[in-house]
Amino acid sequence: MSPLDRSLSSTAALTAAWRFVDGGFGYSAPQLFVLVLDRRARIVGPVVHLYDEHQAAGPDDALLGLLVERLAETVEELAPGGGVALMKARPGRSAVMTSADLRWCRALHRHLQAAPFSSRPLFFASDAGPRIVAPDELIG
């Protein structure tokens, strides 16, 4: 059974799912991954995978707002009462977040906090693999 076929209700299960999505092959460009989850924290629909190389230095706030609006519509349609899990990824071996990574993760966190759906802990990945974004990294 794939980690994507299990409930992602625990941090360990979510970490295993992101490791599976990550695949250990590294990244060719900055990317964002989204999992839509039902009320039982099971994935519904495909893994949403977006490239953001044109916004590598930082996110466009209006674009993130639009993304969250579309995610709200998707959650309402596919998984009423559910939520999402997100992972921001970029090329490079260092697991230490750059200033651009911090801008992205803080903006994502801010938008998710205001969203009309629940969200799991935010993850960050580099070529070294995925990891949870610590709460103190989200305070800017």
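This is a predicted model: local features need pLDDT of at least 70, side-chain atom pairs count only at pLDDT 80 or more; totals for chains, interfaces and linings use all residues.
Is Arg110 buried, partly exposed or exposed? I looked it up: Arg110 is partly exposed, at 47% relative accessible area (buried is under 20%, exposed over 50%, partly exposed in between, with a 1.4 Å probe and protein chains only).

Residues are numbered from 1 along each chain as its sequence is written, and side-chain values use heavy atoms, leaving out hydrogens and water.

Next, salt bridges. I found 6 in the whole structure (a side-chain nitrogen of Lys or Arg within 4 Å of a carboxyl oxygen of Asp or Glu). Arg110 has one with Asp61, at 2.9 Å from N to O. This pair links distant parts of the chain, with Arg110 in helix 3 (residues 99-114) and Asp61 in helix 2, 49 residues apart (helices are DSSP runs of H or I, at least four residues, and strands are runs of E, at least two, numbered from the N terminus). Asp61 is partly exposed too, at 42%.

Then I checked Arg90 and Asp101, whose side chains meet at 2.7 Å, N to O. Arg90 sits in the loop between strand 3 (83-89) and helix 3, and Asp101 in helix 3, 11 residues apart. Here Arg90 is buried at 11%, and Asp101 is buried at 4%.

Within it, Arg70 and Glu69 meet at 3.9 Å, N to O.
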